[in-house]
Amino acid sequence: MSKAIKKSVSFTAEIIEMVERFPARIHGLEEFSTKLQEMVEDLTTLIERTKVEIRERFTEAEMNYLKDMLNSTLMSPKLSYRSVLLMQVKDADRYEGLGEKWQVEPTELTKKIEALTEFECYVVAKLVDEFWQNQSKKD
């Protein structure tokens, strides 16, 4: 394990409560910072594993459709990622013509999204966020 580096961060009361409720992997080491480290490590590991699975399920054209579709969309866990993706696919084809632009059949893309779990839809959104973040670094 690498040496801990101290950072000053602020959390809302709700976030503090979430961290405190989190069931720690190592019983007896249930300090706030230990739980938070575990949460971050678990989440990032699960995201990386799920990214591999997502990339295998979608074609490059479908991923381009999703990137284009979500370019200026701010997604939040307050709304279901799955529901937002499903609504956006239909609207993006209807109003922006993304199906024709990317040579993607929106009904097939919808079926693929319907087969995903909520967490997998979250990872789709994170893949798109990662793409646009990397694009902005190039500029």
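Student: Is Glu-48 buried, partly exposed or exposed?

Tutor: This is a predicted model, and in it Glu-48 counts as partly exposed because its relative accessibility is 44%.

Student: Which side chain does Glu-48 meet in a salt bridge?

Tutor: The side chain of Glu-48 meets that of Lys-51 in a salt bridge, with a distance of 3.0 Å from N to O. Both residues lie in helix α2, where they are three residues apart, or about one turn of the helix.

Student: And Lys-51, is that one buried or exposed?

Tutor: Lys-51 has a relative accessible area of 6%, so it is buried.

Student: How exposed are the two partners, Arg-57 and Glu-120?

Tutor: Arg-57 is partly exposed, because its relative accessible area is 35%, whereas Glu-120 counts as buried because its relative accessibility is 10%.

Student: What about Asp-91, which residue does it form a salt bridge with?

Tutor: Asp-91 forms a salt bridge with Arg-94, and the closest N and O atoms of the pair are 3.5 Å apart. The two are three residues apart in helix α4, so about one helical turn separates them. Asp-91 is partly exposed, with a relative accessible area of 32%, while Arg-94, at 55% relative accessibility, counts as exposed.

Student: Okay, new topic: how many residues does the largest nonpolar core have?

Tutor: The largest nonpolar core has 25 residues, and those with the most contacts inside it are Phe-58, Tyr-65, Leu-66, Met-69, Leu-109 and Ile-113. The elements that give two or more residues to this core are α2 (32-57), α3 (60-69), α4 (81-96), α6 (106-114) and α7 (118-138).

Student: Which element gives the most to this core?

Tutor: That is α7, which gives seven residues to the core.

Student: Which residues is Phe-58 in contact with, leaving aside its neighbours within four places in sequence?

Tutor: With those neighbours left aside, Phe-58 is in contact with Met-63, Leu-66, Leu-109, Lys-112, Ile-113, Leu-116 and Val-124.

Student: Switching to the surface, which residues form a nonpolar patch there?

Tutor: Val-9, Phe-11, Ile-15 and Met-18 form a nonpolar patch on the surface, and together they have about 330 Å² of accessible area. Ile-15 is found in helix α1, which covers residues 13-21, and it counts as partly exposed because its relative accessibility is 31%.

Student: One last thing, what phi does Gln-103 have?

Tutor: Gln-103 has a positive phi of about 55 degrees, although it is not a glycine. For background, most residues other than glycine have a negative phi.

Student: And where is the place of Gln-103?

Tutor: Gln-103 is in the loop between α5 (98-102) and α6, and it counts as exposed because its relative accessibility is 66%.

Conventions. Residues are numbered from 1 along each chain as its sequence is written. This is a predicted model: local features need pLDDT of at least 70, side-chain atom pairs count only at pLDDT 80 or more; totals for chains, interfaces and linings use all residues. Side-chain values use heavy atoms; hydrogens and water are left out. A nonpolar core is a set of buried Ala, Val, Leu, Ile, Met, Phe, Trp, Tyr and Cys residues joined through side-chain atoms within 4.5 Å. Buried means under 20% relative accessible area, exposed over 50%, partly exposed in between (1.4 Å probe, protein chains only). Helices (H or I, at least four residues) and strands (E, at least two) are DSSP runs, numbered from the N terminus. Contact means heavy atoms within 4.5 Å. Patches are made of residues with over 30% relative accessible area and no salt bridge: like charges are joined within 9 Å, nonpolar side chains (Val, Leu, Ile, Met, Phe, Trp, Tyr) within 5 Å. Accessible areas come from the Shrake-Rupley method with a 1.4 Å probe; for residues, only the protein chains shown count as cover. A salt bridge is a side-chain nitrogen of Lys or Arg within 4 Å of a carboxyl oxygen of Asp or Glu.
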